[in-house]
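Welcome! Have a look at the sequence and the structure below, and keep them in view while you read this short briefing.

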Amino acid sequence: MPGWIWILLVIFMLAMLIGGAVYAIRHAMAASRSIGRVSEDLNRHMPQPPAPGQSQATDRTKGPAFALPLSQSTERYSQAHALVLERKEQRRRNHGRIWRRWKQFNQ
């Protein structure tokens with residue numbers, strides 16, 4: 001292979017390396033700009049934390065059960081369980097009423 005072909009191959013390889021680097025850098029800069037816009041949008045829509053001097057008022061009666069005091073959790077559980085028992089009792093009454101009506105209907 002003549003020497004001038006090697007020179008052309010080296011020039012072509014360097015051109016491809018430089019072109020690839022330029023392509024990668026341009027796309028990385030475009031991606032960083034789009035990520036910056038997304039983060040700005042998120043920061044605009046997210047609530048800001050309170051200033052260091054401000055007290056953070058929290059509602060201790062709402063939230064997940066594991067984050068509440070045990071007395072409030074047990075109270076919430078007992079109220080929910082009472083509602084479940086009321087619904088079961090209502091369903092049982094409705095069932096009995098329907099069966100009594102069918103019993104009279106079929107006689």
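Of the 107 residues in this protein, 2% are buried. Keep in mind that this is a predicted model. The accessible surface comes to about 10300 Å², and carbon and sulfur atoms account for 66% of that surface. The protein has two helices and zero strands, so the notes below follow the helices one by one, with "buried" standing for under 20% relative accessible area and "exposed" for over 50%.

- In the model, residues 6-25 are 100% helix and 0% strand.
- From one end of residues 6-25 to the other, the C-alpha atoms are 28 Å apart.

- Which residues make the nonpolar surface patch? The patch is made by Val10, Met13, Leu14, Leu17, Ile18 and Val22, and its area is about 550 Å².
- Is Ile18 buried or exposed? Ile18 counts as exposed because its relative accessibility is 55%, and the cut-off for exposed is over 50%.

- Side chains of opposite charge can pair when their charged atoms come close.
- The count of salt bridges in this model is three.
- One of them joins the side chains of Asp41 and Arg44, with an N to O distance of 3.0 Å.
- Asp41 and Arg44 both lie in helix H1, where they are three residues apart, or about one turn of the helix.
- Asp41 is partly exposed, with a relative accessible area of 35%, whereas Arg44 counts as exposed at 57% relative accessibility.

- Helix H2 runs over residues 70-105.
- Glu89, Arg92 and Arg93 are linked in a network of salt bridges.
- Glu89 forms a salt bridge with Arg92, and their closest N and O atoms are 2.6 Å apart.
- Glu89 also forms a salt bridge with Arg93, where the closest N and O atoms are 3.8 Å apart; this pair counts because the rule asks for a nitrogen within 4 Å of a carboxyl oxygen.
- How many residues apart are Glu89 and Arg92 in helix H2? They are three residues apart, so about one helical turn separates them.
- Glu89 and Arg93 are four residues apart in helix H2, and therefore about one helical turn separates this pair.
- Glu89 is partly exposed, with a relative accessible area of 32%.
- Arg92 is exposed, with a relative accessible area of 54%, while Arg93 is partly exposed at 41%.

- Why is Ser73 called buried? Ser73 has a relative accessible area of 14%, and buried means under 20%.
- Which residues is Ser73 in contact with, leaving aside its neighbours within four places in sequence? Ser73 is in contact with Ala65 and Leu68.

Terms used. Residues are numbered from 1 along each chain as its sequence is written. This is a predicted model: local features need pLDDT of at least 70, side-chain atom pairs count only at pLDDT 80 or more; totals for chains, interfaces and linings use all residues. Side-chain values use heavy atoms; hydrogens and water are left out. Buried means under 20% relative accessible area, exposed over 50%, partly exposed in between (1.4 Å probe, protein chains only). Accessible areas come from the Shrake-Rupley method with a 1.4 Å probe; for residues, only the protein chains shown count as cover. Patches are made of residues with over 30% relative accessible area and no salt bridge: like charges are joined within 9 Å, nonpolar side chains (Val, Leu, Ile, Met, Phe, Trp, Tyr) within 5 Å. Contact means heavy atoms within 4.5 Å.
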